[in-house]
Amino acid sequence: MKFSPFLVALVLAAPAGAETLGLAELLRLAAGNADVAMARAGLEAARADVVAADHAPLPQLTLKSSQMDLQHGLGGGNLFADKRIDKSLGLDWTWERGGKRSLRTSAARSAARAAEGDLQDVRRQQLGLVVAAGIDLAAAQQRVDEIAELKHSADELLTAMRARHRAGDISAQDLARAEIETGRAGVDLAQAQADRRRASLALARLIGRSDDDLSVDASLWPAWREPVALDDARRGALAAGRADVQAAEARVLAAQSQLDGALAARKSDLTWGMSVDHFPGTSSRLVELRLQMPLQIGYAQQGEIGRARA
């Protein structure tokens with residue numbers, strides 16, 4: 001981070017009761033403010049989406065009873081072994097076709113990388129805002145000090161002018177002019193103090209502090225360094241390494257995976273199932289095999305594909 005030599009040279013006295021912060025402390029507080037915390041929560045949510053996407057459909061367990069003849073009765077004996085009730089225990093599992101799981105997971109991982117880039121970019125932006133707010137507060141503090149010195153000089157001059165007026169050395173008009181200038185200096189000082197208060201409030205918001213009586217010590221900030229000249233190749237490499245650029249590239253990959261997933265949805269998933277039945281009086285070992293699949297008649301995922309393509 002580069003700073004003006006004028007600002008770096010500032011060594012400002014803090015107002016009474018104000019907390020003085022250096023650049024390192026400001027950057028530490030800015031790295032954990034509310035905006036950064038929200039971006040970090042978004043990254044955690046995106047990582048959870050990866051876990052949710054990277055698993056196969058869960059098997060379905062079915063337990064049912066049927067063929068209960070209420071007209072002739074269920075018969076006597078044990079409920080599970082003797083009564084005339086068709087009891088069935090089944091298991092169904094969906095086979096995803098077309099690589100849907102890998103495409104879904106790839107899209108979620110790309111979105112997580114984008115969220116990580118967003119977090120880094122938000123942190124960078126907040127650090128820049130805090131540095132700018134710190135510079136504004138440092139300038140406001142210096143202006144308060146300068147105007148306070150002018151106000152003090154004006155007060156001393158007014159005291160001397162009043163003494164000269166009593167001695168008859170100056171006219172009442174000259175004394176009135178001095179009183180006006182002193183009053184103007186007081187107004188300027190009040191305005192400068194209000195500006196310092198606003199700058200302090202702006203900095204407090206960025207670093208997540210509730211107090212508004214802050215002060216910065218610019219003497220603790222890095223020294224001024226001349227900017228480094230960059231050629232086009234180096235400038236392009238630095239631009240490609242920016243967190244927001246990497247986040248945008250990750251979102252492009254996520255969008256491509258989502259489009260591929262929408263196209264893969266044209267392949268219907270198969271659901272395999274098997275049941276074992278027990279029906280006293282008929283057989284205790286009956287087996288049922290099932291195969292289910294959606295029939296894409298009249299609709300072939302055109303809406304999902306169109307949205308993903310857009």
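Lysine 87 stands opposite histidine 278 in strand 5, a placement taken, like everything below, from a predicted model. The two strands concerned are strand 3 (residues 86-95) and strand 5 (residues 270-279), which run antiparallel and are joined by nine bridges. Strand 5 also pairs with strand 6 (residues 283-292), again in the antiparallel sense, and here phenylalanine 279 has serine 283 of strand 6 as its bridge partner. Three residues lie between the strands of this hairpin, and glycine 281 takes a positive phi near 90° there.

| Strand pair | Sense | Bridges |
|---|---|---|
| Strand 3 and strand 5 | antiparallel | nine |
| Strand 5 and strand 6 | antiparallel | eight |

Because its relative accessibility is 23%, leucine 127 counts as partly exposed, the cut-off for buried being under 20%. Leucine 127 touches Leu27, Ala30 and Ala31, leaving aside residues up to four places away in sequence; leucine 27 is 100 residues apart from leucine 127 in sequence, yet the C-alpha atoms are 6.0 Å apart in space.

The largest nonpolar core has 16 residues, and Leu26, Val130, Leu137, Leu203, Ile207, Leu214 and Val216 have the most contacts inside it. Helix 2 (23-30), helix 4, helix 5 (172-206) and strand 4 (214-216) each give two or more residues to this core, with helix 4 giving the most, five residues. Another core, of ten residues, lies apart from it and includes Leu43, Ala46, Val50 and Leu119.

Key. Residues numbered from 1 in each chain as written. Predicted model: local features only at pLDDT ≥ 70, side-chain atom pairs only at ≥ 80, totals over all residues. Heavy atoms only, no water. Pairing = 2+ DSSP bridges. Helix = DSSP H or I, 4+ residues; strand = E, 2+ residues; numbered from the N terminus. Buried < 20%, exposed > 50% of the residue type's maximum accessible area, 1.4 Å probe, protein only. Contact = heavy atoms within 4.5 Å. Core = buried A, V, L, I, M, F, W, Y, C linked by side-chain atoms within 4.5 Å.
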